[in-house]
Amino acid sequence: MSICKNTIRWVLLLDVLLALSVIVLLTILEFGTVPQQRIGFYCNDPKISFKFMGDTISITLLIVGSLVAPLIVMWIAEYTYYPASSYDTAFGCAGSRAKQVWQWYGYYSIGIIALTFICDVMKTLIGEPRPHFLDTCKPREAMNCTDGYVETYTCTNTVDSDWFVSDSSKSFPSGHSALSTFTTIFIVWYLHSRLPNRTFFLKPWLQCMMCLWAVICSLTRIGDRRHHWWDVLAGGTLGFAFSVLTVSVQCRKFRVENVSQVYNVSQVYNEPIENRQISFNDKKQQSVKKLLHETIVDLPEGRELKNVKSTTWKE
């Protein structure tokens, strides 16, 4: 037992270290002095000449919503619709309601951290100017530029922070769109798999509300002039792909063979349930007895076995 506990501790320690290393890399990519690729711009390009207007959905609200919403939804649904006895390990569960919820949430956290890391790497490698690039960066080369393409530039904005100025050339893809789509697909799929169909409109209504979150987070990025439409489309595609991968592979589409599912199967076979398990042994034994009964050959006393003709299954 002590060996198993020590193994689990080492595995947990390894997972924590790996998660911390990814967070450190994210921090370095976002706030560090990592060399960044910069795409040039055309003078007087209307697509990057908008004024900075702020964020309708702030990064803080996005992060809080992405971290808290799935946990709240899963806890409420599992506590409301499923008894504590339905999480027995014999049915493929984690052993308890808390363990099952935290297991799914752990997979969700892995997926959203990986998605954030990929988005930050793409932003750094591509370096596309945002729609408010000229207003935020104030490149020196654009002051007397009337025509042509500027390949290299120097930002002259000293009022705002260096991070904000550098972020003006990290438009592709949209992180808001990616994270909100990831969260939405995860919760919508969870509600579809785990929420019982007791009413016609409850489940579709909740799923519609979650889709509205992704729509608002995505479209406001275009309306706020923080992203181009293709940035939002790329971010939504990434979020959708990562969410489908997380739910299908790691969460196994939230399929748990709980007591209610086993009970439904038992009704089909008209078999009783003992200790929350289907008794297939009785039916198997009856089938074997019936088969043996049909193939028994009576041998009179003194008759040798070699004189008995072999009985085929057809006979």
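Ring pairs join Trp-102, Trp-104, Tyr-105, Tyr-108, Phe-182, Phe-186, Tyr-190 and Phe-254 into a cluster, where rings of Phe, Tyr and Trp (its six-membered ring) pair if their centres lie within 6.5 Å, and planes under 30 degrees apart count as stacked, over 60 as edge-to-face and the rest as tilted. This is a predicted model, in which local features need pLDDT of at least 70 and side-chain atom pairs count only at pLDDT 80 or more, while totals for chains, interfaces and linings use all residues. Residues are numbered from 1 along each chain as its sequence is written, and side-chain values use heavy atoms, with hydrogens and water left out.

**Confidence and layout**
- The mean pLDDT (the predictor's confidence in each residue, from 0 to 100) is 81 for the chain, and 76% of its residues reach 70 or more.
- Over residues 295-315 the pLDDT is below 50, and beyond near neighbours in sequence this stretch has eight contacts in the model, a contact being heavy atoms within 4.5 Å.
- The chain holds 10 helices and four strands, which are DSSP runs numbered from the N terminus (helices H or I, at least four residues; strands E, at least two).

**Aromatic pairs**
- Trp-102 and Tyr-105 both lie in helix H3, three residues apart, or about one turn of the helix.
- Of these two residues, Trp-102 is partly exposed, with a relative accessible area of 46%, whereas Tyr-105 is buried at 12%; buried means under 20% relative accessible area, exposed over 50% and partly exposed in between, with a 1.4 Å probe and protein chains only.
- Phe-186 and Phe-254 form an edge-to-face pair, 5.3 Å centre to centre with 85° between the planes.
- Because Phe-186 lies in helix H6 and Phe-254 in the loop between H8 and helix H9 (259-269), their pair ties together parts that are 68 residues apart in sequence.
- Both Phe-186 and Phe-254 are buried.

**Nonpolar cores**
- In the largest nonpolar core, which has 28 residues, Met-74, Trp-104, Tyr-108, Leu-115, Phe-186, Tyr-190 and Phe-254 touch the most other members; such a core is a set of buried Ala, Val, Leu, Ile, Met, Phe, Trp, Tyr and Cys residues joined through side-chain atoms within 4.5 Å.
- At least two residues of this core come from each of helix H2 (59-81), H3, helix H6 (175-194), helix H7 (202-223) and helix H8 (229-250), and H6 supplies the largest share, eight residues.
- A second, separate core of eight residues includes Phe-41, Cys-43, Ile-48 and Cys-145.
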